[in-house]
Amino acid sequence: LAARTRHAAVSAFVDALQQALSCVTPSVLYHSYETGARQALTFADDRVRLASTRRPREALQLSVIHQYEAVRQDRTWRISSRAYYYRVDDPDGGERLSWHWHPAATFKRPHLHVAALDRRRHLPTGRVSLEAVLRLLLTEFNVRPRRPDWDGVLAAREEAFERSRTW
Amino acid sequence: MATRAVAEAAEEPRPRELTREEGQRLFDQRARRFLGMSGKEFIRRYDAGELDPDEDNVLRVALLLPFGR
C-alpha cells in the first residue's frame, strides 16, 4: 500500500491489521510513537481471548506483535515488515502454536513452533500473514467470527498482502 | 439503514498510537510480567548482550523495543 506521506502509510497499515483482527476480537491495537525508525504494534493486554463456537472454556487466546518500518520508494511511502510474533495459546495460557519471524535471533527465517510436537523445534515456513493465521483460527480452530463479512475482509487483506510483499 | 451502518461503524475498534510515555509504560509492564525486570533494565541488559534473544520471553519483550526506547 503506497501512500503520499509516512503518516498515511503507517495509518493505512495499522488500520488494515486492526480491521482483520476485528474479525475475531474487539480489542484495540496499540502502535508505537511514530519516530521515523522501526515501530511495533500489539494488543493493550498482550493477549486476547477469542470466543469459541463451542464452549466458553475452550476459548483460545491470541498474542500479536508486529514490527514494521515506513520506507520511501520513489515519491511514495510504503510499509515494510521487519518481524512478527503471532501466538495462539490454549484457554489455560499454555502455548499451542506460534508463527515467528525475528531476524535478530539465531533462527532468522520465518518458522512455526508447535507445542504438541517439540516447542524448541523451528519448523520452516514461508512468510505468514496475520490474516492467514486468523483464517486458520476461524475455519479450523472453532473460533467464533465477530463479524458476518469476515471471509471477505480477510480475502481482501490476503490479496493485498500477496500484491505488496517483496519476498 | 444509514443508522445501522453508523452504529456498526462506531463499534469497530480503532487502533491507537501511544505517546512515547505511554509506550514506555507498556514496555515496562511487559518486561516486568515476562522477565521480572523493569523496561530500563531490559534495554540495558539486552543491549549489553546479557539476554538470550532465542528465549521466548526475551523475544516477546525485545520485539516491543520500539515502544520502550
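In the predicted model, a space of about 150 Å³ lies in the second largest pocket. This pocket is lined by 13 residues, of which A:His113, A:Arg119, A:His122, B:Asp54 and B:Glu55 are the closest to its centre. By class, its lining comprises three nonpolar, five polar and five charged residues.

The largest pocket holds about 480 Å³ of space. Its lining consists of 27 residues, with A:Phe13, A:Ile79, A:Ser81, A:Arg127 and A:Ser164 the closest to the centre. Two or more lining residues are supplied by each of helix H1 (6-21), strand S3 (61-73), strand S4 (76-89), helix H2 (130-140) and helix H3 (150-164) of chain A. The largest share, six residues, is contributed by S4(A). In the lining of the largest pocket, 15 residues are nonpolar, seven are polar and five are charged.

Chain A contains three helices and seven strands, arranged from the N terminus in the order α-β-β-β-β-β-β-β-α-α. Along the principal axes, the C-alpha atoms of chain A occupy a box of roughly 50 × 40 × 25 Å.

Of the 167 residues of chain A, 49% are classed as buried. Among contacts within chain A between residues at least 6 apart in sequence, 48% link residues at least 24 apart. The accessible surface of chain A amounts to about 8,100 Å², and carbon and sulfur atoms account for 50% of this area.

Conventions:
Residues numbered from 1 in each chain as written. Chains lettered and ligands numbered in written order. Predicted model: local features only at pLDDT ≥ 70, side-chain atom pairs only at ≥ 80, totals over all residues. Heavy atoms only, no water. 1 Å grid on protein atoms, 1.4 Å probe; cavity = no way out; pocket = protein on both sides within 12 Å on 5 of 7 lines; lining within 4 Å. Points joined across faces, edges and corners; volume = space filled by probe spheres on them. Helix = DSSP H or I, 4+ residues; strand = E, 2+ residues; numbered from the N terminus. Nonpolar A, V, L, I, M, F, W, Y, C, P; charged D, E, K, R; others polar. Buried < 20%, exposed > 50% of the residue type's maximum accessible area, 1.4 Å probe, protein only. Contact = heavy atoms within 4.5 Å. Areas by Shrake-Rupley, 256 points an atom, 1.4 Å probe, with all protein chains shown as cover.
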